[in-house]
Amino acid sequence: MNRQTRDRALSSLVLPALALVAFLAFSRPTAQAAQASTATPPTPMHASALQVLQIQAEDVKLPAEFQMAMYEHVMEEVGKTRRFEHLYRDGDRDAASAPDLVTLRCTATGFKQGSAEKRQVTTVTGKTSIKVHLLFTDKNGQKLFENDVEGKVQFLGENLRATFDFGKKVAAVVRQDFTPAKSAKKS
Amino acid sequence: MREFDGKALLSALVLFVACAASSPRVNAQSNAPASFNVKHVIGLQAVQHNTKGQATVSKDALTFTSGPTKSDLAISGIEDVQTGVDSQRIIGGTIGTLTMVAPYGSGRFLSLFREKIDTLTIEYRDTNGGLHGAIFTLPKGLASALKAQLVAAGAKASPVPAQEATKP
């Protein structure tokens, strides 16, 4: 093999490798940016109370067990963030007396029920995913910020585990956009 | 040939009748148990997730008992009861997870063995009006029996969709 042939062979390997590295380097931030494209507050906000309304699924056929499991996981995971002194459920009468109440409305925008069997056998197929639009409003109903999250189960676990992932994602949004409360109580 | 076809048809018919007679749904409807073996997935106060126990319907409450743990859910607070179907691995839990790393793909092979289960979702309000959702899983065919007992005790339930009503 002469020098010219060797250089040509090397360049044919190096160029695709560089292109792959560049793609990986730039594709990840772009994906994150797309996920965070919705309006979020520039600095973390402070509120003493949060009321989580019932999960809405008007345009999406969401099974009842998913809808309620999502709600319960949101209550649990948001409670763990300790960002609010009071965390109220939908319909809680005490919420009306909270001075700076923030309301969270969750609307399911997409649902794909995968198969745990397929996931466990093939690893790459059978993903379950729930896409939800989050809207945070103040006591007067004015929009504070909104976000889109996706709860999913891709490898291990039954389908309902996607609701746990959803709760974690909502908690991450709350943790990022609200300052910690001095003393958190769960209603 | 024709005689063989007749015998095969008769055998298939006998098998079908035997299967239909032994299906759990029929048993569940004919003699519903007083208490149900359930798994609490999420939603009851002071009960851990995925706890197995007994659910009993009394005049004014649904009681979940698991060893020393007991949780009552007032029938008057129940706003909706819905049933659904799902499936789960026969070998589940920690052992089930550990089998995923078993050699020669045997974990994946074991994943093929699954059992159908029923889900029961109860939407209820606490004394302060706060919304809760309790989810249970039951052996196949028993969710509708538990739902029927809850409705008979006074729990509200949305009408059964046509699709669910016609499910085998």
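1. Just after helix α5(B), G154(B) takes a positive phi of about 120°, where helices (H or I, at least four residues) and strands (E, at least two) are DSSP runs numbered from the N terminus. The buried residues of this helix, which spans residues 143-153 of chain B, are A143(B), S144(B), A145(B), L146(B), K147(B) and L150(B); a residue counts as buried if 20 or more other C-beta atoms, placed from the backbone, lie within 10 Å of its own.

2. A word on the model: it is predicted, so that local features need pLDDT of at least 70 and side-chain atom pairs count only at pLDDT 80 or more, while totals for chains, interfaces and linings use all residues. Residues are numbered from 1 along each chain as its sequence is written, and chains are lettered from A and ligands numbered from 1 in the order in which they are written.

3. Chain B has six helices and seven strands, and from the N terminus on its elements run α-α-β-β-β-β-β-α-α-β-β-α-α. Of its 168 residues, 28% count as buried.

4. The strands of chain B form an open sheet of seven in the order β4-β3-β2-β1-β7-β6-β5, with antiparallel pairing, two strands being paired if DSSP finds at least two bridges between them. The edge strands, each pairing on one side only, are β4 (69-74) and β5 of chain B. Neighbouring strands are turned by 30° against each other on average, direction ignored, with axes taken as lines fitted to C-alpha atoms (for helices over the stretch in contact) and angles running from 0 to 180 degrees between N-to-C directions. Three bridges join β1(B) to β7(B), which run antiparallel, and K39(B) stands opposite T137(B) in β7(B).

5. Helices from both chains pack on this sheet. Helix α2(A) touches β1, β5, β6 and β7 of chain B, and its direction makes about 130° with that of β7(B). Helix α5(B) touches β1, β2 (51-57), β3 (61-66), β5, β6 and β7 of chain B, and its direction makes about 170° with that of β5(B).

6. Across the interface, 22 residues of chain B are in contact with 22 residues of chain A, a contact being two residues whose C-beta atoms, placed from the backbone, lie within 7 Å. The largest share of the chain B side, five residues, comes from β6(B). By class, that side has five nonpolar, 13 polar and four charged residues; here Ala, Val, Leu, Ile, Met, Phe, Trp, Tyr, Cys and Pro count as nonpolar, Asp, Glu, Lys and Arg as charged, and the others, Gly among them, as polar.

7. Within chain A, helix α2 (residues 64-81) and helix α4 (residues 161-177) pack at an angle of about 35°, with their axes 8 Å apart. The residues of this contact divide into ten nonpolar, four polar and five charged.

8. Of the 64 residues in the largest nonpolar core, L50(A), L138(B) and L146(B) touch the most other members, such a core being a set of buried Ala, Val, Leu, Ile, Met, Phe, Trp, Tyr and Cys residues joined through C-beta atoms within 7 Å. Helix α2(A) gives the most to this core, with nine residues.

9. I55(A) lies in the loop between β1 (49-52) and α2 of chain A, and counts as buried because it has 24 C-beta neighbours inside 10 Å. Leaving aside neighbours within four places in sequence, I55(A) is in contact with Q67(A), M70(A), Y71(A), C106(A) and A108(A).

Notes
A residue is buried if 20 or more other C-beta atoms lie within 10 Å of its own, exposed if 12 or fewer, and partly exposed in between; C-beta atoms are placed from the backbone.
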